[in-house]
Structures are given as structure tokens and as C-alpha cells.
Amino acid sequence: MTAIQCSWLIAGCGFCVGFLSTFYLASSVMKVREPHVQEASWKYKNIEIPTISNNDHLSKDLSRKVRVLCWIMTAPANLDTRTIHLKYSWTRHCNIALFMSSVTNESFPTIGLGTKEGRDQLYRKTIRAFQIVHKHYYEKADWFLRADDDTYIVVENLRWMLSNYTPDQPVYFGKRFKPFAEQGYMSGGAGFVLSKEALNRFVEGFQKENCTHTTSLEDIGLGQCMEKMGVIAGDSRDTEQRETFHPFTPDYHIKEGFDKSFWYWRYSYYPIVEASSLMIISKMYGFETLQKLLSFFSPFY
Ligand SMILES: *[C@@H]1O[C@H](CO)[C@@H](O)[C@H](O)[C@H]1NC(C)=O
Ligand SMILES: *[C@@H]1O[C@H](CO)[C@@H](O)[C@H](O)[C@H]1NC(C)=O
């Protein structure tokens, strides 16, 4: 394990402990029963994973009020190596989790989008996926998250942020980049989330041909369509103006000092605050260990 990975693990644990103590404090103030991690009730690859605690009222309450459908962009070749880890970790916290692939796999299961595979198919896959979600799940959720199969999302924190908004507002959130549209666009890598109204307008944009498949660069294409359809690019930074959606691996966001010539400086819509908020999202590629640690130590994961 490299020093960077180590320091991230420590930071990750610090975050868990910090979060736990905040939660304990909140629960004593609010006189709700203390949350406790229950006996492990199932095993995943010989690691015992605690079940989601039944008495964490705050998160339960939020999950009823802020219903999030998560759909994961994946591919047949990734199911057994990457996507399986998402299936058994954070996606369990979404109200609905769907895995979208080029072809249907009934055993995983994945929903087949009827496209080819490859990066040049990304935007087609996304358009198709949102159309399916709109057709079959519109009434079942308020917010619609799209994430990659190497993204890690802390769903409770996402709900917490979203609870400041209502799903009938045409708005979407993610890591906001500056170019290619007046209001910028949300980077695909960090994941992004659409309100119900934003989903509505995106799908309508294609129905009425206000939007078309102009580019295979999914996030840019989607950002431009959103702008055309009057969907606002939202600001999801925390109270100290730190980003909550992170497009790179955690070590990248934690290590000191991005190189000033790095395109990220020019692309970022908001000034880069180098101490990242650990609130929501990180790319987890190669960080399975942390993923499992989080699964183990947090009351929610
Ligand atoms: C379907 O998914 C399972 C994992 O659940 C995988 O082992 C299998 O290879 C997949 N089948 C195809 C045809 O990709
Ligand atoms: C979409 O296209 C229709 C028909 O061309 C037009 O009437 C409508 O104003 C357009 N909507 C937006 C948001 O541009």
C-alpha cells in the first residue's frame, strides 16, 4: 500500500469516526435511540457486512422523503470485477438501484440498452437509460442519479444535500465544469443527479427534438441539452464552499496542490478549494479496501 493510500485510509476512518460521533451527538440531542451496528447477517466474499441499522431514524426518515433512484452505467466485462462491489455496497442505500449495460443479464441483473459498447456509445446509453427510467420509474423516485461503475456515492449525504430542494425544480447537480455551455455542465466521472422535473425536460427534449445526439461526449451533450431545456446547473458545494462531487480518485483530491497547469483548474466552475469536503462522491477505482472498510465501520454502510 502506498503512503498516499494509507493516508487516505486514515482520513477515511477519521471521517467515519467523525461522522459517527456527529450522529451519536445528534441522536442524544434529539432523544432518539442510539444507533448501533447489528450482528452481521450475511457474508460477502468471506467478509461479514453489518446489516443496515434499523433504528437510524434520521437516515430512514430522509430515505422516505428524498427518494433517490440510482442507475449505474456498466458493461458486461465489468460485472464480476467492479459492478458487483457496487451491488453489495452503496447502491443498497438507493431507493431503487438499476444497472444499465449494452445487453440484458438476467442473473446480475442488468437492463440492456440495446446499444453497442465503448466510450463512443456513452451518450446514447445515457439517453436510452434516462428514457427507460422515465417510462418505468417516474413515479417511484424524486431524484435520478447516474453514476459510473467505479464511483462511490454516500447516498445519505446526497439525500441531505437534496433535501434543500424540491424535485419539481428543474435542477441538476454534480461536479460543475465551466466550458461548452453558458452555465457549464456536470462532469460524468463524479456522477450527477437530476430532479424529477429535470428528467422530464431531458426526455421531452429528445421527444420534441429540441435536443439530439450531437456528440458522444455524454456529459457535455447532456449539459447542453439541460441548458436548452431550462434546467439549472445547481451548486452542490458545502457551507464552506468545498466541492462534494469529486471526479478523481480520493488520493488525488486529498494530496496537496494540483499542478496549476492541469486542465482541472481551467475547467472547474467554482474556485478549487484544495481541502475537499468528504461529503459525497469519490471515484473508487482501485480502492476496494476502503470501500469494504466503509461498509464495515459506518452505521449506514
Ligand atoms: C451475467 O452476470 C453474471 C454475474 O452476475 C456473470 O457471471 C455472467 O458472466 C454474466 N453473463 C454474461 C453473458 O455476461
Ligand atoms: C422545443 O421545440 C418545440 C418545437 O420546435 C418548440 O415549440 C419549443 O419552444 C422548444 N422548447 C424549448 C425549451 O426550446
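**A chat about the fold**

Reply: Happy to. Let's take Thr244, which sits in the loop between β12 (232-233) and α8 (250-254). Keep in mind that this is a predicted model.

Me: Is Thr244 buried or exposed?

Reply: Thr244 is buried, because 22 other C-beta atoms lie within 10 Å and the cut-off for buried is 20 or more.

Me: And how far is Thr244 from Ala190 in space?

Reply: Their C-alpha atoms are 9.4 Å apart, while in sequence the two residues are 54 apart.

Me: What about Gln241, where is that one?

Reply: Gln241 is also in the loop between β12 and α8. Its phi is near 65 degrees, a positive value in a residue other than glycine. Gln241 counts as exposed, because it has 11 C-beta neighbours inside 10 Å and the limit for exposed is 12 or fewer.

Me: Which residue has phi near 60 degrees?

Reply: That's Glu209, again a positive value in a residue other than glycine. Glu209 is placed in the loop between α6 and α7 (218-228). With 7 C-beta neighbours inside 10 Å, Glu209 counts as exposed.

Me: OK, zooming out. How many helices and strands does the protein chain have?

Reply: The protein chain has ten helices and 13 strands. Of its 301 residues, 39% are buried. As for contacts between residues at least 6 apart in sequence, 72% of them join residues at least 24 apart.

Me: Let's do strands. What can you tell me about the burial of β3?

Reply: Strand β3 covers residues 68-73, and six of its six residues are buried, so the strand is largely enclosed by the rest of the structure. Both faces are covered: one side has Val68, Cys70 and Ile72, and the other has Leu69, Trp71 and Met73.

Me: Which strands is β3 joined to by bridges?

Reply: One is β6 (residues 143-148), which runs parallel to β3 and is joined to it by six bridges. In that pairing, Met73 stands opposite Asp148. Another is β4 (residues 96-101), also parallel, with five bridges to β3. There, Cys70 stands opposite Ala97.

Me: What handedness does the β-α-β unit with β3 and β4 have?

Reply: Right-handed: the unit is made of β3, helix α3 (residues 79-87) and β4.

Me: Back to β6. How does β11 run relative to it, parallel or antiparallel?

Reply: β6 and β11 run antiparallel, joined by four bridges. Within β11, Phe192 is the bridge partner of Arg146. β11 also pairs with strand β8 (residues 171-174) in the antiparallel sense, over three bridges, and there the partner of Tyr172 is Leu194.

Me: On to helices. Why call α5 largely enclosed?

Reply: Helix α5 (residues 155-162) has six buried residues out of eight, so it is largely enclosed by the rest of the structure. Those buried residues are Val155, Glu156, Leu158, Arg159, Met161 and Leu162. They pack against α2 (57-65), β3, β6, β7 (151-153) and β11 (192-195).

Me: And at what angle do α4 and α6 pack?

Reply: About 115 degrees, for helix α4 (residues 122-137) against helix α6 (residues 196-207), with the axes 10 Å apart. The crossing is left-handed. On the α4 side the contact involves Ile127, Phe130, Gln131 and His134, which meet Leu199, Phe202, Val203 and Phe206 in α6. The residues of that contact are six nonpolar, two polar and no charged.

Me: What comes in the loop between β5 and α4?

Reply: Asp120 is one of the residues in that loop, where β5 spans 111-112. Asp120 counts as exposed, with 12 C-beta neighbours inside 10 Å.

Terms used
Residues numbered from 1 in each chain as written. Chains lettered and ligands numbered in written order. Predicted model: local features only at pLDDT ≥ 70, side-chain atom pairs only at ≥ 80, totals over all residues. Helix = DSSP H or I, 4+ residues; strand = E, 2+ residues; numbered from the N terminus. Pairing = 2+ DSSP bridges. Right-handed = clockwise from strand over helix to strand, strands pointing away. Axes fitted to C-alpha atoms, helices over the stretch in contact; angles between N-to-C directions. Left-handed = near helix turned anticlockwise from the far one by under 90°. Contact = placed C-beta atoms within 7 Å. Nonpolar A, V, L, I, M, F, W, Y, C, P; charged D, E, K, R; others polar.
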